[in-house]
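Morning, everyone. Please have a look at the screen, and then I'll walk you through the fold.

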Amino acid sequence: MTGSAAGGSPAGAGPTDTDWAAAVAAVRELPATARVLLICHVNPDGDALGSMLGFGLGLRRLGVRQLQATFPGPPEVPEPFRWLPGSDLLVAPDDAYPDPDLVICFDVASESRLGDLVDRLDKAGSALVLDHHASNTGFGGIHLVDRHAAATSVVALGLLDRLGVALDAEIAACLYVALSTDTGSFRFEATTPAVHELAARLLATGIRPGEISRKVFDTRPFGAVRLFGEVLGRARLEPAAAAGRGLVWTYATRADLARHDQPAYVLEALIDSVRCTAEADVSCVVKQAGDAEWAVSLRSKGAVDVSRVAMALGGGGHRFAAGFTGRGTVDEVVERIRAELSGALLPA
Ligand code: 5GP
Ligand code: MN
């Protein structure tokens with residue numbers, strides 16, 4: 001058992017020296033023939049893909065030859081991340097090693113986020129979990145879970161450093177995407193001096209932050225611009241929700257996407273346009289994922305712990321950014337959120 005698992009909550013104090021040593025040993029002691037499978041969460045974002053591919057490139061530099069990266073669900077990588085170095089490691093979930101020697105999970109807070117790939121975890125020789133969610137359930141064998149890390153990529157770089165992998169521009173580009181997406185371009189509270197020092201290390205490899213940000217944050221198809229106009233036009237403000245802190249929310253259906261000929265990933269950026277509402281602490285976007293299934297994004301400006309709301313409804317995340325999968329109609333899903341909000345207020 002690892003130090004953090006023995007100490008109780010794996011998301012408590014962050015990885016111990018014992019945890020780091022166990023993770024280093026798990027990689028270093030791999031036989032030359034070992035098959036290593038990297039997995040990030042369903043519907044992957046910049047941190048999931050960036051930390052996974054950046055670490056994968058590091059493993060490749062260490063001489064790991066049988067190496068795959070994957071994620072559950074449709075195997076399409078969102079357009080903003082298709083250029084990431086290391087993308088050649090990606091395989092469809094069905095093609096992933098059925099019984100890898102080592103599985104490494106990135107940005108995955110719970111087994112449910114692994115979808116059908118959870119069976120690889122069961123069949124793997126050992127499993128290493130790199131994450132930064134306070135809601136991490138402690139699944140897997142060796143835990144490198146640091147709830148204070150701004151992104152999973154911070155943990156990934158911590159392990160690459162301990163493995164003696166030299167940072168190069170390809171690895172740095174992946175880790176920079178991960179760090180800049182999860183910190184909202186270095187705007188969120190988790191943006192500590194250490195985050196900027198880490199960003200400085202990444203930039204020192206010669207990567208181009210302007211070019212990366214344009215690809216990742218500032219490019220979307222015209223159809224998505226028009227779709228956003230429609231979806232933002234139906235946003236509702238409920239000033240009395242969350243004990244008067246206010247809720248703003250909207251929703252997007254698959255029909256909305258089809259009408260504008262857009263893939264689902266374009267909706268991931270919507271929450272950033274909704275959460276700027278001055279009159280609401282909590283913001284929410286409800287995105288249709290199935291006939292009566294909705295992927296819900298929640299954000300808070302500080303008055304509400306939205307991870308408590310999300311966990312109560314079967315999901316997880318961070319205090320100020322969380323999500324869950326809701327079932328039923330949009331109104332039923334939003335009603336469940338309203339009901340949880342006042343119980344999730346943080347002390348003033
Ligand atoms: P987003 O709204 O950007 O999809 O997710 C915000 C945060 O909530 C992320 O840290 C993400 O991992 C977490 N999250 C989103 N959806 C789910 C979900 O369905 N289950 C769990 N456990 N976490 C989620
Ligand atoms: Mn993350």
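I'll take the sheet, then the cores, then the metal site, then one serine.

Some ground rules. This is a predicted model, where local features need pLDDT of at least 70, side-chain atom pairs count only at pLDDT 80 or more, and totals for chains, interfaces and linings use all residues. Residues are numbered from 1 along each chain as its sequence is written, chains are lettered from A and ligands numbered from 1 in the order in which they are written, and side-chain values use heavy atoms, with hydrogens and water left out.

Start with the sheet. Helices (H or I, at least four residues) and strands (E, at least two) are DSSP runs, numbered from the N terminus. Two strands pair if DSSP finds at least two bridges between them. In what order do the 5 strands of the open sheet run? The order is β2-β1-β3-β4-β5, and the pairing is parallel. β2 (66-70) and β5 (142-145) stand at the edges with a single partner strand each, so one side of each has no neighbour in the sheet. From one strand to the next, the twist averages 15°. Axes here are lines fitted to C-alpha atoms, for helices over the stretch in contact, and angles run from 0 to 180 degrees between N-to-C directions.

Now the pairs. β1 (residues 35-40) joins β2 through 5 parallel bridges. There, Leu 37 sits opposite Gln 68. β3 and β4 also run parallel, with 5 bridges. Val 103 has Ala 127 of β4 as its bridge partner. β4 and β5 share 4 bridges, again parallel. Val 129 partners His 143 in β5.

Contact means heavy atoms within 4.5 Å. Helix α2 (residues 17-28) touches β3, β4 (126-131) and β5, and its direction makes about 120° with that of β5. α3 lies across β1, β2 and β3, at about 165° to β1.

On to burial. Buried means under 20% relative accessible area, exposed over 50%, and partly exposed in between (1.4 Å probe, protein chains only). β4 has 5 of its 6 residues buried, so the rest of the structure largely encloses this strand.

A nonpolar core is a set of buried Ala, Val, Leu, Ile, Met, Phe, Trp, Tyr and Cys residues joined through side-chain atoms within 4.5 Å. Which residues touch the most other members of the largest core? They are Ile 104, Leu 128 and Leu 159, in a core of 58 residues. Helix α6 (residues 169-182) gives the most to this core, with 8 residues. Another core, of 24 residues, lies apart from it, with Val 304 and Phe 324 among them. Beyond four places in sequence, the contacts of Ile 104 include Val 36, Phe 55 and Leu 130.

Now the metal. Donors are N, O and S atoms within 2.8 Å of the metal (3.2 Å for Na, K and Ca); water is not among the atoms, so sites may look incomplete. Which protein donors hold the manganese ion (ligand 2)? Asp 47 (OD), Asp 107 (OD), His 132 (NE2) and Asp 182 (OD), lying 2.2 to 2.3 Å from the ion. Asp 47 is in helix α3 (residues 46-61), while Asp 107 is in the loop between β3 (102-106) and α4 (118-123), 60 residues apart. Both Asp 47 and Asp 107 are buried.

Last, Ser 307, in helix α12 (residues 306-312). Its relative accessibility is 7%, so Ser 307 counts as buried.
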